[in-house]
Amino acid sequence: MLIVIFIGVFFAKKSQANSENYFLGGRSLGPWVAAMSAEASDMSGWLLMGLPGVAYWCGIADAAWTAIGLAVGTYVNWLLVSKRLRAYSAVSGDSITIPDFLSNRFHEKKKVILGVSAMFILIFFTVYAASCFVTCGKLFSGLFGFSYHSMMIAGAAFVLIYTILGGFLAESASDFMQSVVMIIALVGVLICGVVHAGGFQAVIENAKAIPGYFSLTSVATPVLDSNSVQQSVNGVAQFGEAGKYGFLTILSTLSWGLGYFGMPQVLLRFMAIRKRSELKMSRRIATVWVVISLSAAVFIGVLGRFILPTDAALATQSGAENVFAHLAQLLFHPLLAGVVMAGILAATISSSDSYLLIAASAVSKNLFEGIIKKDASDKQVMRVSRAMILIISIIGIAIAWNENSIIFEIVSFAWSGFGATFGPIMLFSLFWKRVNRPGAIAGMISGGVMVFVWKLLLKPLGGVFAIYELLPAFVISCIVIVVVSLCTAKPSDEITAEFDKAKNFVEE
């Protein structure tokens, strides 16, 4: 925490110079910082708590297919989107936020796209920040024995102070450091856990003995009592018959990878890198980091089921998300265990600061300066930004107040919101000359709204509607963008000329 605060203070002067430095770091990121900070801010505490918790609770299918989708999505996003967005955001009004870019891309006079995209960013990043506060609360209350609520508020207050201090440069620099801590913590727990268990074979044999646990086409079903606590008999955790994990479910889980095309915290790194030529190296770094980290996280859940099969603290779906922390405490000397716990804190900080900063920029830069007060000074924009970081933190704390919240579920909802709202229009904006402003507006609204409709109204019906809401919302947004764009006027010659300029800029 002290190191992170120091980084914030170190970058404070430069970041406070103007809003471009504060929100985008003056497009000065190197390839290592761009890659590692993008992945650290993207993965958050759910990588060390949510994903191992899913694997521990019901087996590898859900966790593994999610990890595969994310790994493929990471690679494809860096391969296809990064260079084009870096060029187009510079060509199109030197945009410094995602709403800025989308609004400038279609040469808006009435800032509808700016307003719509800023509102969706504010909504979903507030939910995202809440997931990070839940992680802080669970981690600190488990470690120190204080109440969940007091620890959650303390974690949120720390993130709030640090984010206001340093802005994008501090966030990116600390995210790089934290990404290193995260991967060391994951690999360290995995290796020591396997040694403690007596080798991979023993862990895998134990997993295979549980119905549906070690399968990519079925899921384990814990036997629960009336309080949703897993039952155990004579020290053996009880499971029922394996549940089915069919093709449609696999497809919808893989669709986690689609979310990357709409993730502002990742897309901003594409815009902020100093040279497009360095994006190739960044892609390789990011892909290797993601594959190692996701693989380790999934197997840590499986390892936990072997080493801690009936731990009372892990006997609920929410409690299972503490498996990484419990393994660290069991396997390591307290000093090393503390360093590993810092990995969870690092993951949480590296994400929550991104979420708060981008949500605040959506309000201060896009709504306040872009729509409400177009002649706002840079100082006014910065003041509004800091006020919004505080307000968003308070709302996030309210959402995170329920200590039984499941981190994985909170993150999956926010992820689908960004993926469906921004993913399709980002791809069409970068690669389809014919897309126009009405198509962009209709696509964003339909994608964002469908996430809520599918999650809250259709998914509870079960059957074919039980799939992850990102997939249908993403498809519907794509269809709406194409249909509305083709049924309305073509983009102006000025817009298409700018599209060609960005395209040629990339190919130079």
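User: Where is S228 found?
Analyst: S228 is found in the loop between strand β1 (218-219) and strand β2 (232-233). Strands are DSSP runs of E, at least two residues, and helices are DSSP runs of H or I, at least four residues, both numbered from the N terminus.

User: What am I looking at, and how are the residues numbered?
Analyst: This is a predicted model, where local features need pLDDT of at least 70, side-chain atom pairs count only at pLDDT 80 or more, and totals for chains, interfaces and linings use all residues. Residues are numbered from 1 along each chain as its sequence is written, and side-chain values use heavy atoms, with hydrogens and water left out.

User: Back to S228. Is its phi positive or negative?
Analyst: The phi of S228 is positive, about 65°, although this residue is not a glycine. Most residues other than glycine have a negative phi.

User: Which other residue has a positive phi although it is not a glycine?
Analyst: H107 does, with a phi of about 50°. H107 sits in the loop between helix α6 (98-105) and helix α7 (112-144).

User: How exposed are S228 and H107?
Analyst: S228 is partly exposed at 42% relative accessible area, and H107 is partly exposed at 28%. Partly exposed is the range between buried (under 20% relative accessible area) and exposed (over 50%), using a 1.4 Å probe and protein chains only.

User: New topic. How many salt bridges are there?
Analyst: The structure holds six. A salt bridge here is a side-chain nitrogen of Lys or Arg within 4 Å of a carboxyl oxygen of Asp or Glu.

User: What does E108 pair with?
Analyst: The side chain of E108 meets that of R437 in a salt bridge, at 2.9 Å from N to O. R437 lies in helix α17 (residues 437-458) and E108 in the loop between α6 and α7, so the pair ties together parts that are 329 residues apart in sequence.

User: Is E108 buried or exposed?
Analyst: E108 is buried, at 6% relative accessibility. R437 is partly exposed, at 26%.

User: What about K433?
Analyst: K433 forms a salt bridge with D500, at 3.0 Å from N to O. D500 belongs to helix α19 (residues 493-507) and K433 to the loop between α16 (407-431) and α17, so this bridge ties together parts 67 residues apart in sequence. D500 is partly exposed at 27%, and K433 is partly exposed at 36%.

User: And which residue does D375 bridge to?
Analyst: K373, with the closest N and O atoms 3.5 Å apart. D375 is exposed at 60% relative accessibility, while K373 is partly exposed at 29%.
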